[in-house]
Amino acid sequence: MDASDTLQSSFEALAEMALAINSIREPERVLEQVLTIAMEALEAERGFILLQSDSHPDGFEIESWRNFTRDQLGDVQRLSKSVVYKVLQTGEPVVLYEALKDDGYGGTESIIIQQIQSIACVPLRLKEQQIGAIYLDSLHKRGRFTREALPFLTAFANQAAVAIENARLYQAMRDENRRLRHEIQRIHGFGEIIGQSPRMREVFDLMARVTDSDASVLILGESGTGKELVARAIHYNGPRKDQPFVAVFCGSLPDELLESELFGHKKGAFTGATADKKGLFEVADGGTVFLDEVGDLSPRMQTVLLRVLQEGEIKRVGDHVTRKVDVRVISATNKSLKEMIEAGEFREDLYYRLDTITIELPPLRQRRGDVALLAHHFLDRYAVKSRSHIRGFEPEAMQALQAYAWPGNVRELEKTIERAVVLARGDLITRADLRLPETNALHPMEHGLTLKEMERRFVLQALEDHGGNISETARSLDVSRRWLHYKLKEWETATS
Ligand SMILES: Nc1ncnc2c1ncn2[C@@H]1O[C@H](COP(=O)(O)OP(=O)(O)OP(=O)(O)O)[C@@H](O)[C@H]1O
Ligand SMILES: [Mg+2]
């Protein structure tokens, strides 16, 4: 191999390394990689990287090391200080062997020094500033590091400094991002409820207007959209927050049990009623009762509940005494009460009692803009809880999250992230860690579909995804609003 070949392969090695370290975004991993490459290139046995640190008395701190025990690291750091300082001050690399022996160390220190045969130390330079240094040594071969290796090592260190700085800036930006996200959440005051999409802003707006009143609130939304979360937030941000919030699940209990659960019973009212018992309405006195799945109430219970709400008083089962209760009622359902009323399954007068204000929670697929926000929120929560090192999502994973239809809404997203935190091995959650079902994507290859029909389905799906908003849908499909209107009209006349 002649000189130009060597030069060529050093350049190639350098370019390859630059590529490798620049594609990593985590500062610690960049350092590890830089150290590994430097050690391999010089065949060093041990090494560390130190970086400028405002908090450390020396002004520098060891951030990454290989093949040192903690004790050895402390000793070597102390002994190599003069070398490191020289490098940092002059900005010039140093290669030496046996040089430390002159410094008059005794005892164990001299033994440590005698073991070190060669040292190489290069500055990490960013523009004209020293941000740190790479230290390498060898215990076995004297004169292992040659001056010829220095230009290469210096060029590499310059690249490494840029990569380290980029990763730090990236991390600082991400931290800032996270801080801002929290700040925005804090401003609208319902800290636990995440969302910045226009649909969620409307929800927050409504919530802010109803918290201070006693108006009954009906919360509608598919399963997992956050109905209970919203009910609690309304209670805990309002004047009743120091009184109880009591959630009652209206589905699945037989009427007799539910009635006694809600309003209490007198001793002996039925078999098993061995003592007087307060119902949840009494427990919640002064606070809020949350009637969850209110659409599941039987006709008889609907009538009982209506009377209680009209009179503001309850009667325990088997008792003839009436008691005043002061509760605010918030109810929720994922059923269409309007349709139930039409079908004669839900009392219209009860509906109007429950529904002074309706808050409708959009399904997650109609506010995809919030998916990233929610995903980061749950990642923060579960990564902290399990003391995990995971810091984010690979771009592909985030794309998959945003493309998925989320039939189980926020609850499904939450479970997905919780599981991914457990499964993930790297710093970033991968697409595979998410374990998303494959089937929810739109399937254009369904059998027997014409191009026209495929177009129709695709467009209608996009419309649904954007909550019926024509402008947003048109933008997402990259077509004009006029085209979209035209198509919708065409399909309308075709079906009517
Ligand atoms: N906007 C949101 N921000 C943060 N977490 C949310 C949000 N919406 C829902 N969640 C979380 O998702 C989970 C499900 O929410 P919740 O129990 O309130 O849904 P739900 O509408 O009552 O569902 P279901 O109809 O199945 O009872 C909870 O863990 C809740 O904390
Ligand atoms: Mg619920």
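I first looked at helix H13 (residues 371–385) and helix H15 (residues 409–423), whose axes come within 9 Å and cross at roughly 45 degrees in this predicted model. I noted the crossing of H13 and H15 as right-handed. On the H13 side, I listed Val 371, Leu 374, Ala 375, Phe 378, Leu 379, Tyr 382 and Ala 383 as making the contact, and on the H15 side Val 410, Leu 413, Glu 414, Ile 417, Glu 418 and Val 421. Sorted by class, the residues in this contact of H13 with H15 are eleven nonpolar and two charged, with no polar ones. The spacing in these lists reminded me of a general point: an α-helix has 3.6 residues a turn, so residues three or four places apart point the same way.

Next I looked up the sheet with parallel pairing, which is open and has five strands in the order S7-S10-S13-S6-S14. Its edge strands, each pairing on one side only, are S7 (245–249) and S14 (357–360), and the twist averages 20 degrees from one strand to the next.

I then followed the pairs across this sheet. S7 and S10 pair in the parallel sense over five bridges, and Phe 249 has Asp 292 in S10 as its bridge partner. S10 and S13 also pair in the parallel sense, over five bridges, with Phe 290 standing opposite Ile 330 in S13. S6 (residues 217–220) pairs with S14 over four bridges, again in the parallel sense, and there I found Glu 360 of S14 as the bridge partner of Leu 220.

Is S10 mostly covered or mostly open? I found it mostly covered, since four of its five residues are buried. I also noted that helix H7 (residues 227–236) lies across S6, S7, S10 (288–292), S13 (328–333) and S14, and that H7 runs at about 165 degrees to S13.

Helix H8 (residues 255–263) was my next stop, and its buried residues are Leu 258, Glu 259, Ser 260, Leu 262 and Phe 263. These buried residues of H8 pack against S7, S8 (264–265), helix H9 (280–283), helix H10 (299–311) and S11 (313–315). Just after H8, I noticed that Gly 264 takes a positive phi of about 85 degrees.

I then turned to an open sheet of five strands with antiparallel pairing, in the order S2-S1-S5-S4-S3. Its edge strands are S2 (60–66) and S3 (94–96), each pairing on one side only. Within this sheet, S1 (residues 46–52) and S5 (residues 129–138) run antiparallel and are joined by six bridges, and the partner of Ile 49 in S5 is Ile 134. Helix H3 (residues 70–90) packs on the sheet and touches S1, S2, S3, S4 and S5, its direction making about 55 degrees with that of S4. Helix H2 (residues 27–42) lies across S1, S2, S4 (118–126) and S5, running at about 65 degrees to S2.

Last, I took the protein chain as a whole, where I counted 19 helices and 16 strands. Of its 496 residues, 29% are buried.

Key: Residues are numbered from 1 along each chain as its sequence is written. Chains are lettered from A and ligands numbered from 1 in the order in which they are written. This is a predicted model: local features need pLDDT of at least 70, side-chain atom pairs count only at pLDDT 80 or more; totals for chains, interfaces and linings use all residues. Axes are lines fitted to C-alpha atoms, for helices over the stretch in contact, and angles run from 0 to 180 degrees between N-to-C directions. Helices (H or I, at least four residues) and strands (E, at least two) are DSSP runs, numbered from the N terminus. A crossing is left-handed if the near helix is turned anticlockwise from the far one by less than a right angle, and right-handed if clockwise. Two residues are in contact if their C-beta atoms, placed from the backbone, lie within 7 Å. Ala, Val, Leu, Ile, Met, Phe, Trp, Tyr, Cys and Pro count as nonpolar, Asp, Glu, Lys and Arg as charged, and the others, Gly among them, as polar. Two strands pair if DSSP finds at least two bridges between them. A residue is buried if 20 or more other C-beta atoms lie within 10 Å of its own, exposed if 12 or fewer, and partly exposed in between; C-beta atoms are placed from the backbone.
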